[in-house]
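My entries follow in the order in which I made them.

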Amino acid sequence: MRRSYLRLLARRTFTILCGLSLLCTLWLGHHPFRGTTSSVQAQDVRQLVQTGVEHYQAGNFVAAVDPWLTAYEVYKASQDLPALAIVSENLARAYQQMGRTSEEITYWQQAGTTIKTLGDRQKLGRLLTEEAQAYGRLGQHRRAITLLCGVEPDEGACQANSALNLAKDTEDLLGQVTALGSLGEAYRSSGRLNVAKDYLMEGYAIGSTLGDQPNLMASLLNSLGNVSANLALINGRRAEEALNKGDNNSVVALRMRTEANNDQAIEYFLESYDLAVNNQQNELQLYALLNLIPAYERAGDQVAVRSYRVLALNVLQRLPDAKPKAFAAIKLADFLDPPEVRRSQRILSDTPIASAAVEAEAIALLEQARDIGEAIENPRLLSFALGKLGTLDERAGRYEAALEKTQDARYAADQDRAAQDSLYLWEWQLGRIFNALDREEDASQAYGQAVAVLDQIRSDILSANRELQFDFRDTVEPLYRQYADLSLADVPKRQKLEEKDPTFENLETALSTLNSLKVAELQSYFANDCVIVPSEIRADEVTRNTATGVFSTAISGDKLTIILSLPDGSRKVVTILETEANVEATVNEFRGKLEAGSRDYVFDSQAAKKLYQWLIEPFEDDLKAAEVKTLVFVNDGLLRSVPMAALYDGSRYLIENYAVATTPSLTLTTPKKVARGKLNALLLGVSERSRLPGRSFISLPAVDQELDDLSKRLPDSKILLNQDFSIEAVQQTLAERDYRILHMATHGEFGFAPENNFIVAGAKQTGELSQYNQKLTISQLDALIREINDPTREPIELLTLSACETGIGDNRSTLGLAGVAVRAGVRSAIATLWTVSDESTAEVMANFYEKLQDPALTKAEALQEAQLSMLHSDDDSGKSLPYRWAPFILIGNWL
């Protein structure tokens with residue numbers, strides 16, 4: 001989806017032609033050269049600039065650059081700053097049209113530096129907005145926000161030299177509107193939709209006072225429509241997750257919200273379209289139409305979809321052969337596939353084209369885009385056009401033709417940094433094509449290249465495309481799974497492999513790929529909310545010469561793959577032929593029976609036994625022979641929500657044989673035993689009934705006693721309970737001294753998105769929300785912890801969340817739970833998968849902390865001892881039920 005603000009200032013109000021006309025005026029009455037520069041040379045450089053103008057106006061942006069570059073050097077040498085600023089701006093716009101964003105930014109910066117020297121603060125603000133938009137196209141939205149304002153919305157006025165502040169200081173209303181619109185787009189792309197809407201509405205309000213600015217208003221309306229469309233997409237995904245969980249009440253509410261968001265988006269897009277039509281602005285018309293088509297698809301109105309598609313095709317042909325037209329042609333070619341096909345890379349490549357007529361139309365549009373890309377020398381544009389032509393050939397089984405086009409697409413993508421977001425797609429496509437041609441070595445190499453490229457850029461592309469974060473499972477994840485499957489194809493199953501075995505390297509590649517997938521999933525989930533930096537650790541570095549076995553699982557299509565890494569560096573692979581749906585149904589049944597707290601669990605839980613048979617039974621002899629004491633699980637999908645300690649072999653639970661821990665990825669864990677010294681804790685809790693807007697939480701009366709007992713077991717600790725537990729008090733307390741443990745005995749949840757991960761604090765909010773408790777998000781907690789990260793201070797070793805929960809069947813919330821230690825910036829975390837009685841929680845925690853002070857025990861072993869204490873209790877209170885002790889899981893460093 002092309003963003004209107006990418007070219008917002010390249011319209012009537014602030015166009016390149018306006019800048020060029022200023023330059024022409026300058027030439028008429030100004031002699032720009034000093035010293036020995038002759039009037040003949042001045043005349044020559046003016047002619048060079050005019051030649052560039054003529055090329056640019058004709059749409060020949062490549063030809064415009066060379067004379068302007070020559071003029072730029074002359075003006076720079078002569079220090080004619082007004083002329084240098086204008087030519088710099090012209091070059092930036094030419095490179096923008098060519099898709100060469102890095103060069104574009106260079107010349108925006110040069111123009112800004114020159115204008116700053118000249119003292120034109122209004123013009124400087126506008127140039128900063130242009131530069132911010134360019135960074136937005138690279139996916140660097142934080143950098144864009146810094147240029148536009150420099151502070152968060154709740155932190156007061158923008159910084160002095162930011163674009164918005166300069167526009168306000170110089171009373172430049174037009175500059176304010178464009179800066180506000182650009183801020184809205186930056187926050188929208190970062191997923192902060194409410195903030196985005198506020199900025200866009202503020203810009204719209206100011207723009208409405210300017211009078212004759214229809215293009216500006218159409219752009220703002222288009223952006224507001226995109227915010228509503230994004231909300232519709234997010235609520236639609238949430239409805240799907242709720243449906244998978246069987247939460248029918250939430251499904252109904254979320255679908256109603258989705259429909260309302262989509263209706264609002266359509267209203268904005270239609271208003272934008274009408275303004276563009278009334279003012280004969282073809283490009284803005286096309287932007288609105290390209291947004292209306294998917295909006296009406298979501299609404300199920302196929303008549304409107306067909307109508308607006310015909311209109312879009314007509315408007316397309318009225319545009320000049322330039323970048324906007326070419327990318328619109330590619331988008332219209334995409335729209336020939338149904339939404340469920342085009343949004344899923346794993347479905348798209350396997351789905352035949354609807355008909356010969358549809359294929360012919362798609363080819364015509366893509367070839368038109370390809371020709372424009374060649375003419376304006378835009379590598380990114382050319383890459384997408386050629387690559388998608390190759391996809392059509394792949395889907396039709398024309399593999400040799402697909403191979404040629406895809407190789408050309410890869411070459412084009414490799415020519416420009418701005419095209420790197422497509423390079424992994426074409427390497428991936430080559431892998432699939434080579435695989436179809438039975439060229440396994442070439443396929444493996446191409447897949448490896450695709451993963452390597454994606455590992456380098458995925459943080460940027462996930463930040464740049466908020467929709468991609470929610471479509472990750474369909475658009476990015478299959479690459480990793482396909483490469484892992486390809487690497488494992490020739491690896492012997494159900495036998496132990498050592499490093500000398502010929503297929504051991506393939507197995508290592510598969511493990512590395514699956515670890516990269518786990519990191520990518522977390523980056524997708526947290527997006528701009530978190531910086532995740534994986535290490536280069538290998539499984540054998542974790543297990544060698546220890547009593548640890550690491551299980552890595554992968555659910556893919558019709559099979560479940562389990563890889564065990566043993567202390568001697570050997571590996572074993574087992575593949576279970578079970579569909580993803582069956583695995584997930586078994587997990588949900590297991591969790592459901594556990595949470596029900598049934599006393600008959602031991603006897604009737606076939607799900608617990610089945611999971612044990614899949615995951616553990618094939619490796620029992622290997623674990624015994626290696627004298628393994630601790631099992632670490634790097635789980636996939638819904639398996640992350642399984643309390644592995646409660647797996648049951650028919651007579652014993654897994655926790656009775658092994659200590660158990662989990663980690664989102666080995667590359668995100670530092671398994672190192674740290675000298676614990678004297679343990680102390682900051683003990684936080686809420687025992688009273690608490691409320692958040694739209695939610696209420698029961699009281700936890702045993703929390704008072706829990707914290708009091710822990711303070712005695714962990715001397716030199718501090719308690720913040722109920723009203724004393726405020727975000728401000730936590731911040732101040734952490735700043736005053738070091739704590740090795742941060743223990744939180746309060747309600748909390750892990751949900752669909754990072755903003756849904758929170759802990760209920762005790763103190764009340766202020767103002768209109770004074771009847772509600774404070775909500776501490778995991779990202780806020782991370783910020784509090786990172787504030788005290790100092791080499792001279794003792795780091796927080798352990799974060800304990802003793803009353804949190806994740807929903808059954810919610811795949812995305814398991815990512816929030818799995819990544820809590822990474823997100824919170826601590827080495828290890830203990831959390832609960834569901835809320836149990838606070839009396840049981842208090843007992844498990846007291847036993848755990850007591851055992852933790854034994855230097856001979858690891859954290860995993862200390863938790864094992866605490867869980868076994870409840871399991872083996874003799875009373876009739878039900879403490880021995882896995883419902884009571886199983887939800888406590890250790891995440892991260894288990895030593």
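How are α9 and α10 oriented to each other, roughly parallel or roughly antiparallel? I looked up the angle: helix α9 (residues 173-189) and helix α10 (residues 193-207) pack at about 160 degrees, with their axes 8 Å apart. α9 and α10 are therefore roughly antiparallel to each other; angles over 145 degrees count as roughly antiparallel.

I noted the basis of these entries. The model is predicted, so local features need pLDDT of at least 70 and side-chain atom pairs pLDDT 80 or more, while totals for chains, interfaces and linings use all residues. Residues are numbered from 1 along each chain as its sequence is written, and side-chain values use heavy atoms, without hydrogens and water.

**Terms.** Helices (H or I, at least four residues) and strands (E, at least two) are DSSP runs, numbered from the N terminus. Axes are lines fitted to C-alpha atoms, for helices over the stretch in contact, and angles run from 0 to 180 degrees between N-to-C directions.

**α9 and α10.** I recorded a left-handed crossing of α9 and α10 (the near helix is turned anticlockwise from the far one by less than a right angle). Ala, Val, Leu, Ile, Met, Phe, Trp, Tyr, Cys and Pro count as nonpolar, Asp, Glu, Lys and Arg as charged, and the others, Gly among them, as polar.

**α5 and α6.** For helix α5 (residues 101-118) and helix α6 (residues 121-137) I found axes that come within 9 Å and cross at roughly 165 degrees. α5 and α6 are therefore roughly antiparallel to each other, and their crossing is left-handed. The contact includes W108 and I115 in α5, and L124 and L127 in α6. I noted 8 nonpolar, 3 polar and 6 charged residues in the contact of α5 with α6.

**α12 and α13.** The axes of helix α12 (residues 248-278) and helix α13 (residues 282-299) come within 9 Å, crossing at roughly 155 degrees. α12 and α13 are therefore roughly antiparallel to each other. I recorded their crossing as left-handed.

**Cavities.** How many cavities of 30 Å³ or more does the structure hold? I found 5. A cavity is a set of points on a 1 Å grid over the protein atoms alone where a 1.4 Å probe fits but cannot get out, and lining residues have an atom within 4 Å of a point. The largest cavity has about 210 Å³ of space; a volume is the space filled by probe spheres set on the points, which are joined across faces, edges and corners. Of its 25 lining residues, V642, A661, T662, I889 and L890 are the closest to the centre. The lining of the largest cavity has 18 nonpolar, 6 polar and 1 charged residues.

Definitions and conventions
1 Å grid on protein atoms, 1.4 Å probe; cavity = no way out; pocket = protein on both sides within 12 Å on 5 of 7 lines; lining within 4 Å. Parallel < 35°, antiparallel > 145°, perpendicular 65-115°, else oblique. Contact = heavy atoms within 4.5 Å.
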